[in-house]
Amino acid sequence: MGEVDPDFIQSLEHRPKPRTIEPENIPLIDLSPLKSSSDANDLASLASEIGDACEKWGFFQVINHGVPLKCREKIESASRKFFALPREEKRKVSRDEVNPYGYYDTEHTKNVRDWKEVMDFTVQTPTTLPVSHEPDDRRLIELINQWPKDPPELREACEEHAKEMEKLAFKLLELIALSLGLKRDRLHGFFEDQTSRIRLNYYPPCPVPHLTLGVGRHKDAGVLTVLAQDDVGGLEVKRKSDGEWIFVNPIQNAYIINVGDIIQVWSNEKYESVEHRAMVNSEKARFSIPFFFNPAHYTWVEPLQELIHDQNQPKYKGYNWGKFLTTRNLGNFKKLAVENIQIAHFKT
Ligand code: OGA
Ligand code: NI
């Protein structure tokens, strides 16, 4: 990222406090019981393990998830090649106000503080989104990906990875539904016209790692996130019990799962979306690849009926996912031009 502007450093208001190293880590869950030979009991106990992790942490790692290693290696290597291109090349596929999918770097705007570059892809082509965040504007737009010329294998790598991520996300969704006492396929219908996306994150080495973050504290807005992080590490999760930031140990070929805001609403806050952030490193570049599992734009997000009773009244009024997402996308593009929309705005 070249020279560091001293004004930029001055403007950092979120410098991380020194953290205490805790031996505790987010739960590690073995998904082997999902193999077809397992019986209903194994599945029930796996669902309850996942339910506990969602309740206590909102985050867990999975192993024996069935995603082939070669698929991951392929996307990781294509992503490294892409980010190694000259900036002018990468900017040929920049996202803009109309299309939120494409390349983006933090040199675009002065008030973005994150130390990173990203490349976003939709999973379903085309992906339908509302044209604008204005509530009365009912126009929709069909969006397709902007594939860079280089590296040529990026498109196939992303498409294959997306299929695998989708399969894994549906399995996790079923386990979460079971853990909430719902039918296994209760949540599937929301994804028929899904707005899921894959993001390639590149965090270049940073000369002042103690002054900045790769990505500042935030929660993920969708249903679930399935993240592949490399062996450099840097992801930290806010522990629910005491608010301490906990480093997520990189585990080879594991995926990190977290509950997003939509599950918080669906579950009426039984499972909460948890804050997380990514640290940067002074020597090493870091790469990560989140898959954001999101429902159709027309989804009305509200606490699930089955979970509501006299002692558990709905904690949210409900909102339109497409409008929420479009407001966020625009907020990201224009930074501060639009209010940063939060699920807290829809609290009853
Ligand atoms: C994100 C995110 C963490 C990481 O992109 O939403 O939380 O480790 N990334 O890159
Ligand atoms: Ni995130």
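Visitor: What makes Ser-288 a lining residue of the largest cavity?
Guide: This is a predicted model, and a residue counts as lining when it has an atom within 4 Å of a cavity point. Ser-288 is listed in that lining, along with Glu-76, Ala-228, Gln-229, Asp-230, Phe-287 and Ile-289, so each of them passes that cut-off.

Visitor: Why is this space called a cavity and not a pocket?
Guide: Because a 1.4 Å probe fits in a cavity but cannot get out, whereas a pocket is open. The search of the whole structure turns up 1 cavity of 30 Å³ or more, and about 40 Å³ lies in the largest cavity.

Visitor: Which element gives the most to that lining?
Guide: That's β14, with 3 residues; β9 (224-229) also supplies at least two. By class, the lining splits into 3 nonpolar, 2 polar and 2 charged residues.

Visitor: What about ligand 1, and which element gives the most to its shell?
Guide: β14 again, with 4 residues. The shell holds Asn-201, Tyr-203, His-218, Asp-220, Leu-227, Leu-235, His-276, Arg-286, Ser-288, Pro-290 and Phe-292. Its makeup is 5 nonpolar, 4 polar and 2 charged residues.

Visitor: How much of ligand 1 does the protein bury?
Guide: It buries 96% of the 290 Å² that ligand 1 exposes when taken alone. Two elements give two or more residues to the shell, β7 (197-203) and β14 (286-293).

Visitor: And the second largest pocket: how do you know that Glu-76 belongs to its lining?
Guide: Same kind of test: an atom within 4 Å of a point. Glu-76 is in the list of lining residues, which also includes Leu-69, Arg-72, Asp-231 and Asn-253, so it meets that test. Glu-76 lines the largest cavity too.

Visitor: What is the volume of that pocket, and which element gives the largest share of its lining?
Guide: The second largest pocket has about 250 Å³, and helix α3 (residues 69-83) gives the largest share of the lining, 5 residues. The classes are 3 nonpolar, 3 polar and 6 charged.

Technical notes: Residues numbered from 1 in each chain as written. Chains lettered and ligands numbered in written order. Predicted model: local features only at pLDDT ≥ 70, side-chain atom pairs only at ≥ 80, totals over all residues. Heavy atoms only, no water. 1 Å grid on protein atoms, 1.4 Å probe; cavity = no way out; pocket = protein on both sides within 12 Å on 5 of 7 lines; lining within 4 Å. Points joined across faces, edges and corners; volume = space filled by probe spheres on them. Nonpolar A, V, L, I, M, F, W, Y, C, P; charged D, E, K, R; others polar. Near = heavy atom within 4 Å. Areas by Shrake-Rupley, 256 points an atom, 1.4 Å probe, with all protein chains shown as cover.
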